[in-house]
Amino acid sequence: MLSFPARWFARTKQKAERSVAIVENRRYRRTSFPWLEVQIRGFTATAKDWSAGGVALEAEGLDLRVGTIVKGEAGWAAGSKRTPFYADLVRRMPDGRLAFRWLNLDPAFLRELDETAHAGEPAERP
């Protein structure tokens with residue numbers, strides 16, 4: 001029989017291995033296509049990681065603190081229509097990307113984001 005420290009270490013190792021193997025459990029499906037263009041404080045970025053819950057941007061030019069609420073506009077990079085939004089900065093990643101959570105986004109565009117993430121291409125907009 002293994003000693004207590006050996007059993008504890010083995011259990012801890014098993015838990016760690018399981019946690020690494022777990023797939024992220026997100027409320028909304030994330031996608032990278034089609035590209036979403038986001039404008040915040042005069043800075044425009046093409047988001048390649050977005051969902052109906054939020055967006056991650058490569059935005060080294062934006063000096064924001066986690067918790068900052070921003071106002072901006074979002075739309076498909078291939079289109080010209082932009083939808084206003086409010087979002088808060090929830091995470092600064094080590095690679096310089098910023099993760100925002102939508103706080104106030106037009107429900108029709110929010111639905112379009114969710115449908116597009118599942119379909120893989122943008123829906124037609126009037």
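On helix α2, the face turned away from the buried side carries the exposed residues Pro107, His118 and Ala119. The model is predicted, with a mean pLDDT of 83 for the protein and 76% of the residues reaching 70 or more.

**Helix α2**
- Helix α2 covers residues 107-119, and at 1.5 Å a residue its 13 residues should span 18 Å, which agrees with the 18 Å that separates its end C-alpha atoms.
- The buried residues of this helix are Phe109, Glu112, Leu113, Thr116 and Ala117.
- Seen down the axis of α2, these buried residues fall within an arc of 130°, and they therefore line one face of the helix.
- The packing partners of the buried residues of α2 are the strands β1 (36-40), β3 (49-50), β5 (69-76), β6 (83-92) and β7 (97-105).

- Once its neighbours within four places in sequence are left aside, Thr31 is in contact with Lys48, Asp49, Trp50 and Ala117, and Ala117 is itself one of the buried residues of α2.
- A polar atom of the Thr31 side chain lies 3.3 Å from the backbone oxygen of Phe33.

**Confidence by element**
- Among the elements of the protein, β5 has the highest mean pLDDT, at 97, whereas α1 has the lowest, at 62.

Notes:
Residues are numbered from 1 along each chain as its sequence is written. This is a predicted model: local features need pLDDT of at least 70, side-chain atom pairs count only at pLDDT 80 or more; totals for chains, interfaces and linings use all residues. Side-chain values use heavy atoms; hydrogens and water are left out. Helices (H or I, at least four residues) and strands (E, at least two) are DSSP runs, numbered from the N terminus. The expected span of a helix is 1.5 Å times one less than its number of residues. Buried means under 20% relative accessible area, exposed over 50%, partly exposed in between (1.4 Å probe, protein chains only). The arc is that of the directions from the helix axis to the C-beta atoms. Contact means heavy atoms within 4.5 Å. A polar contact is a pair of N or O atoms within 3.5 Å; within protein, one must be able to donate a hydrogen and the other to accept it, and residues adjacent in sequence count only if both atoms are side-chain atoms. pLDDT is the predictor's confidence in each residue, from 0 to 100.
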